[in-house]
Amino acid sequence: KFLKKIRNQISFLQNMVETKGENARFYVLLLTAEELSSTKLDKVDSGTVKSVQQAYDTAIQYADKALLIQNAALTCELFAEYLIRCKEKVVEGKTKSSHHGNDLHTLVSDATISSYMIRAME
């Protein structure tokens, strides 16, 4: 139900960007990252986390460029929360992958989470 609403909003906003300009582009990027993070939470591996990170980073960079400071901060916080959920799954051993590798542990490390939370407060 939640994902259907997000997908509908993404569609609506993409149409808005195409017909009325770039004002809604950030929201398309943010909702796309949120959709990806919601659908990929059951598969926690380094490739998945990196693809979600790329989606959030794209939204953050767009917000920074457009001087949408609060939106960039919100997006940093949302990605940090996603990383916390992933880390919990890794610690509990509830990931589908039997081999996580050091890369995954680095991606969901306290240092990575802190860097995004600090960026949200700057």
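Me: Before we start, what does buried mean here?
Reply: Buried means under 20% relative accessible area. Keep in mind that this is a predicted model.

Me: OK, is Tyr116 buried or exposed by that cut-off?
Reply: Tyr116 has a relative accessible area of 9%, which is under 20%, so it counts as buried.

Me: Which ring does Tyr116 pair with, and what's the geometry?
Reply: Tyr116 pairs with Phe79, edge-to-face, at 4.7 Å centre to centre and 70° between the planes. The pair links distant parts of the chain, 37 residues apart: Phe79 sits in helix H4 (residues 69-92) and Tyr116 in helix H6 (residues 110-121).

Me: And how accessible is Phe79?
Reply: Phe79 is buried, with a relative accessible area of 0%.

Me: Which residues do ring pairs link into a cluster?
Reply: Tyr56, Phe79, Tyr82 and Tyr116.

Me: How many aromatic pairs are there by the centre-distance rule?
Reply: The count comes to four, with ring centres within 6.5 Å as the cut-off. One of them is Phe26 with Tyr27: the centres are 5.2 Å apart and the planes at 75°, over 60, so that pair is edge-to-face.

Me: Are those two buried or exposed?
Reply: Phe26 is buried at 1% relative accessible area, while Tyr27 is partly exposed at 40%.

Me: Where is Leu67?
Reply: Leu67 is in the loop between helix H3 (46-65) and H4. At 67% relative accessibility, over the 50% cut-off, Leu67 counts as exposed.

Methods
Residues numbered from 1 in each chain as written. Predicted model: local features only at pLDDT ≥ 70, side-chain atom pairs only at ≥ 80, totals over all residues. Heavy atoms only, no water. Phe/Tyr/Trp six-rings, centres within 6.5 Å; stacked < 30°, edge-to-face > 60°. Buried < 20%, exposed > 50% of the residue type's maximum accessible area, 1.4 Å probe, protein only. Helix = DSSP H or I, 4+ residues; strand = E, 2+ residues; numbered from the N terminus.
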